[in-house]
Amino acid sequence: MTDREPIRRFADRLEHYLEELGADLTTGGEPTFVSRCPDSPEWHTEAVGPEKLGYARRMAARLLADTYPGALVMQVFGKRYPGEALPRWNLLVLSAPERDLWPDSGRLLLEDRAGGNGAEAVDALAAGLAEALAVEHAPLPVAESDAPASPVGRVLPLDRESGRWVSDSWPTNEHGCVELVPGDSPAGLRLPLTDLPPDAMRRALTVELDRGALAVFLPPLDLEGFEALLAVLADRLWALGLEEVVFCGYPPAEAAAAYTVYGIAADPGVLEVNLPACSSWADYDRILSRTHAVASAEDLRLTKLHLNGAVRGTGGGSHLTFGGPDPARNPFLHEPGRIASLLRYWQHHPSLSFLFSGQFVGPGCQAPRIDEGPLHGLYELEVACEGLERQAGPVDDLSVDRFLRHLATDSAGNTHRAEICFDKFGNPAAPNGRLGIIELRAFETFGAIESMSTTALFIRTILAYLFRKPFREPLRRFGPALHDRYFLPEYLWSDVRSICDDLATEGLPFEADWLRDVLEFRCPVVGTLATPAGKLEVRQALESWPLLAEESAGATTVRMVDNSTDRLQVALPASKDPPGMLVANGLRIPLRRVRDRLVAGIRYKCASASPALHPHVDVQSPLNLEWIDGTGKVVAAADYHYWNPEAPSYPDRPADVDEARRRREARWQVREERIGRKPDPIDPRSSPEFEITVDLRRNERPDRDSGG
């Protein structure tokens, strides 16, 4: 692991640099976690399930103990996505500066268990609140529509006007109950608001039982009303001796500005943490490290162990966010040309798009580059950048949204699934869309939390550099070279080094080697082979899985990806005239110089899949690698197996990292018995798309033997 002290000293230097610029740059992030055994649907594809909320509550309890004492924990609800029965929840930890927002955390139920309250507790709390708030209407019983005579809770229409609490009388059924809309959500989300008279109040507080817990649903209120209601609730709960309370509903609209907001959210396949915006990297590092400690204490992980022994990130992303403390001090709104500078620089440096991302990259992923989309994308983005650069002085967030909304999208037009996402910058269509935040989505979890923190420092440093030295170079037309070169780790690392060279010119000496752990995790060495030309190193490279045609999935359609291909990088120390040649599956692999190394990519069909492209191509694993000397003889050979070399499958996931390592090591086999044979290699077919990478799928030899 990299020594952290030089990194901390550099971070202090960076903060002085930003201070001299007068740039109040905030940094946030979204680390994601999975359980030890992530095989159930909620840890695979689904957002919600039986385990996640319990994990979130226990994490919140640990945070209250030492990080956010006096904070309020409440469960809020976001969008309801197609195909999902319920809106996704988000557990918020709201902390007020220098005061307690909720001083009695012992009354909150922050465990995954049933409570011991009964219906009498619901009635007592609802009546006590109505009395304390001095409203003229009594709480009404609420009932399910299929049992309209059986109350399941109480509802109190409630609002605050000119510092005074007001209520309303709602119509009820023949049994005196308000009938809820059918569903499993809290009662506060199922009130029959559309059936109320036109002049009726349309916000209310509800109290109900949730597995024995007292679930209190807070209506939408302004900051003053929200805190006043909390004070009344604290007083009533204490007076009545009630415990095991769960708060849900709506935080105040001003929460992001008034509080430190820490979120733990249900997301497909993962538990996502939304870190609060931090004014310095040191603060970000501290809260990210604390988050990891809390998650680890609950046996949550940053990585998944795959069947073949590969260790990868959670798959749920670990995006980075940057903005300002408020609109007046947002460095991107203060000088909108900075946004154009960011867009241009990112497009010039593919390592920022690929090296820190997850397993799925390319046009069909959830964070595609703009030059992986429609052909007009680059040209139109250049026009937009020129327009942003011509804006004089501060602008509002909505004007930035008009510039970029229709460009910063994925290929289907989804504004949230863009590499550089402005969905939370100035988006008037979303409740949290005007936070002035730029979200960088091509980032995922790594094996070590320190690597994730150092990556955030790297990106913060790049932004500081661009604030002082705007980047206005024309956008690059990479064409096919984008994937051919920059899916290979040697080109990515060379690009990182060039970025560090840029930073050094402005007095920001960020060391590329501080990110070496990221490279080793993202593109690990899968095997080495001693050759007369030096040690041949074989690394995992990146691979883009193409989207396939739409298929029916009941009431909707889905698009699968073809994940039957893999890509490796082979590299040797640079030599003027390497003694011999590299052969893979009977094909000569040309090597190209990248700085001080000789490099090539090998793309091949690693497994069978259905549906998939090219059914005529057979599986090309194991990959037979041979070094042939000047006489045409094999002098070194190895096989690389993408899958288990001893069986069709593995019985289960690796039990731990040691078993995963053993599986990986077993897939690389040195084959000394092939030394001395004289194969007949052929030259690969060339194509404009693959100059550095050889695609074995187009070079399948009908006479290929296994070399055994």
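## Starting with accessibility

A residue is called buried under 20% relative accessible area, exposed over 50%, and partly exposed in between, using a 1.4 Å probe and protein chains only. With that in hand, Tyr250 counts as partly exposed because its relative accessibility is 36%. Phe217, at 2% relative accessibility, counts as buried.

Before going on, a word about the model: it is predicted, so local features need pLDDT of at least 70 and side-chain atom pairs count only at pLDDT 80 or more, while totals for chains, interfaces and linings use all residues. Residues are numbered from 1 along each chain as its sequence is written, and side-chain values use heavy atoms, with hydrogens and water left out.

## Aromatic pairs

Rings of Phe, Tyr and Trp (its six-membered ring) pair if their centres lie within 6.5 Å; planes under 30 degrees apart are stacked, over 60 edge-to-face, and the rest tilted. The structure holds 22 aromatic pairs. One of them joins Phe217 and Tyr250, edge-to-face, with 5.7 Å from centre to centre and 85° between the planes. This pair links distant parts of the chain, 33 residues apart: Phe217 is in strand E11 (residues 213-218), and Tyr250 is in the loop between strand E12 (245-249) and helix H5 (255-258). Helices (H or I, at least four residues) and strands (E, at least two) are DSSP runs, numbered from the N terminus.

How are the rings of Phe510 and Trp514 placed? Their centres are 5.0 Å apart and their planes are at 75°, so this pair is edge-to-face. Both Phe510 and Trp514 are buried. They belong to one aromatic cluster, together with Phe10, Phe356, Phe443, Phe446, Phe458 and Phe521.

## Charges over rings

A charge sits over a ring if NZ of Lys or CZ of Arg is within 6 Å of the ring centre and within 35 degrees of the ring normal. Arg160 lies over the face of Trp165, 4.8 Å from the ring centre. Arg468 lies over the face of Tyr17, at 4.4 Å from the ring centre.

Strands of a sheet pair through backbone hydrogen bonds, either parallel or antiparallel. Here, five strands form an open, antiparallel sheet in the order E27-E26-E30-E31-E32. Its edge strands, E27 (587-588) and E32 (668-670), each pair on one side only.

Two strands pair if DSSP finds at least two bridges between them. Strand E30 (residues 623-628) and strand E31 (residues 634-640) run antiparallel and are joined by six bridges. Trp627 has Ala636 in E31 as its bridge partner.
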